[in-house]
Amino acid sequence: MSEYFSGIHARLALAAVGTPVSEFPTAMEFVRESLVREREWLSTAGLRGTRGLPADRSRPGPSLVRGELVVHPTASLLAQLWPLILGEPTAPATSPGTTPSGGAAGGPGTGTATLRPAEQLPAFDLLLDRGPRRFVYRHCLVDRAVLRGRAGQLLELQLDLLGREEEVTTEAFPQLTPG
């Protein structure tokens with residue numbers, strides 16, 4: 001009997017664009033995901049009195065991967081995701097008289113660290129194991145990130161993702177260490 005992973009058994013990993021399935025570095029815990037490839041059909045047919053698409057006048061158009069990924073982030077996961085959300089990591093700008101950690105230079109105090117978004121976001125690949133079929137979503141970008149929190153609840157990060165390609169692979173999911 002084949003092993004089927006769904007719900008809490010599904011697995012997910014992120015890596016740089018072009019990474020082979022066997023070399024994805026770390027697994028990532030997630031709450032839910034809804035990634036799917038959407039394809040537009042192009043048709044030159046005008047009004048014909050039917051809703052069907054004529055095969056000789058239709059063809060598949062461009063496809064796009066989109067969906068959301070929701071996680072309860074840890075500090076290490078946020079460190080991995082911030083560059084994908086804001087762009088390549090750069091030293092944070094600090095207010096005058098403070099250190100990058102927010103403390104006053106030379107003693108205790110308060111300061112603010114400002115994160116500056118980059119001009120371009122880095123693309124990444126996402127490997128998702130949904131059971132007997134594994135999906136690799138290539139050239140993904142973070143379209144929107146929403147961070148939610150309430151007193152007494154876990155912090156939640158919702159990432160709306162856009163990607164170029166969806167590959168279905170039967171290659172075994174790599175043995176990953178939790179990130």
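1. A residue is called buried when its relative accessible area is under 20%, exposed when that area is over 50%, and partly exposed in between, with a 1.4 Å probe and protein chains only. By this scale Arg11, at 27% relative accessibility, counts as partly exposed, whereas Asp129, with a relative accessible area of 0%, is buried.

2. Please keep the basis of these values in mind: this is a predicted model, in which local features need pLDDT of at least 70 and side-chain atom pairs count only at pLDDT 80 or more, while totals for chains, interfaces and linings use all residues. Residues are numbered from 1 along each chain as its sequence is written, and side-chain values use heavy atoms, with hydrogens and water left out.

3. Helices (H or I, at least four residues) and strands (E, at least two) are DSSP runs, numbered from the N terminus. Helix α1, residues 75–86, has 12 residues and reaches 16 Å from its first C-alpha to its last, which is close to the 16 Å expected at 1.5 Å a residue, where the expected span is 1.5 Å times one less than the number of residues. After α1 comes Gly87, and its phi is positive, near 115°.

4. Which residues of α1 are buried? They are Leu77, Leu78, Leu81, Pro83, Leu84 and Ile85, and what covers the buried residues of α1 includes the strands β1 (11–16), β5 (58–71), β8 (124–129), β9 (134–148) and β10 (156–163).

5. A nonpolar core is a set of buried Ala, Val, Leu, Ile, Met, Phe, Trp, Tyr and Cys residues joined through side-chain atoms within 4.5 Å. The largest such core has 24 residues, of which Leu69, Leu81 and Leu126 touch the most other members. At least two residues of this core come from each of β1, β5, α1, β8, β9 and β10, and α1 gives the most, with five residues. A second, separate core has seven residues, among them Ala13, Ala15, Val136 and Phe173.

6. Contact here means heavy atoms within 4.5 Å. When neighbours within four places in sequence are left aside, the residues in contact with Leu69 include Leu12, Met28, Phe30, Leu126, Leu157, Leu159 and Leu161, and also Arg32, Glu33 and Gln158.

7. How many salt bridges does the structure hold? There are nine, a salt bridge being a side-chain nitrogen of Lys or Arg within 4 Å of a carboxyl oxygen of Asp or Glu. One of them joins Asp129 to Arg11, with the closest N and O atoms 2.6 Å apart. This pair links distant parts of the chain, since Asp129 lies in strand β8 and Arg11 in strand β1, 118 residues apart.

8. Arg66 and Glu38 also meet through their side chains in a salt bridge, at 3.5 Å from N to O. Arg66 lies in strand β5 and Glu38 in strand β4 (residues 36–43), so this pair ties together parts that are 28 residues apart in sequence. Arg66 is partly exposed, with a relative accessible area of 37%, and Glu38 is partly exposed too, at 35%.

9. A further salt bridge is formed by the side chains of Glu167 and Arg138, at 3.2 Å from N to O. Glu167 is in strand β11 (residues 165–169) and Arg138 in strand β9, 29 residues apart. Glu167 is partly exposed, at 31%, whereas Arg138, at 11% relative accessibility, counts as buried. Finally, salt bridges that share partners join Arg11, Asp129 and Arg134 into one network.
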